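Open the model in your viewer and keep the sequence panel beside it. We will go stop by stop, selecting as we go.

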Amino acid sequence: MALTLVTGPAVEPVTLEEAKAHCRVDTSDDDGLLADLVIAATRHVERFTHRRLISQVIDDKRDAAPSQVWESPAAPVISIDSVTYVDTNGATQTWSSALYRTDIPAGPTAGPARLTPIYGGSWPQTQSVINAFTVRFTVGYGTTAASVPYDIKAAIKLLIGHLY
């Protein structure tokens, strides 16, 4: 399994101003350092929670189609944008959304999304090559810092304060 970031987040979930206020910093001397700490703390929280906080597009590339259920490696999933595969002739194909079902939980504590073939259907046959099966999906709480749950933002601020 290989995750590839296609489109990164446009903003961070904690602003520089919020980080400065949390650390009780009222000068601009450490703005560069604090901006770096916001990014480091955010990435740490994302890895620890298996969540992406601000909307971003990710490709989950696998060497074959799953044998049972595809489960997103990150949450909360906003949408499954496409499923592509390398067919047995070596051509890249897009699997029609009419051939699979999705379960995309919603809300601040939503778990991973799931994808399966429709009832009576089957996974597409892939060629035996690296990254033969790709699910592109959009994940995150939204496009703004305000969309991230407060408890997650608080954890990021605490980590920033500790690192600072």
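**Before you start.** This is a predicted model, in which local features need pLDDT of at least 70, side-chain atom pairs count only at pLDDT 80 or more, and totals for chains, interfaces and linings use all residues. Residues are numbered from 1 along each chain as its sequence is written, and side-chain values use heavy atoms, with hydrogens and water left out.

**Stop 1: the sheet.** Select β1, β2, β8, β4 and β5. These five strands form an open sheet in that order, with antiparallel pairing. Strands here are DSSP runs of E, at least two residues, and helices are runs of H or I, at least four, numbered from the N terminus. Two strands pair if DSSP finds at least two bridges between them. Now look at the edges: β1 (2–7) and β5 (92–94) each have a single partner strand, so one side of each is left without a neighbour in the sheet.

Next, select β4 (residues 77–86) with β8. They pair in the antiparallel sense over seven bridges. Find V77; V139 in β8 stands opposite.

**Stop 2: helix α2.** Select residues 31–49. Helix α2 has 19 residues and reaches 27 Å from its first C-alpha to its last. That is close to the 27 Å expected at 1.5 Å a residue, where the expected span is 1.5 Å times one less than the number of residues.

Which residues of α2 are buried? They are L34, L37, V38, A41, T42, V45 and E46. Buried means under 20% relative accessible area (1.4 Å probe, protein chains only). Look down the axis of α2: the buried residues fall within an arc of 165°, so they line one face of the helix. The arc is taken from the directions from the helix axis to the C-beta atoms. An α-helix has 3.6 residues a turn, so residues three or four places apart point the same way.

**Stop 3: the aromatic rings.** The structure holds four aromatic pairs. Rings of Phe, Tyr and Trp (its six-membered ring) pair if their centres lie within 6.5 Å; planes under 30 degrees apart count as stacked, over 60 as edge-to-face and the rest as tilted. Select W95 and Y100. Their ring centres are 5.1 Å apart and their planes at 35°, so the pair is tilted. Both W95 and Y100 are buried.

Then select W123 and F133. This pair is edge-to-face, at 5.8 Å centre to centre and 80° between the planes. Finally, show W95, Y100, W123 and F133 together: they form one aromatic cluster.

Note on methods:
Buried means under 20% relative accessible area, exposed over 50%, partly exposed in between (1.4 Å probe, protein chains only).
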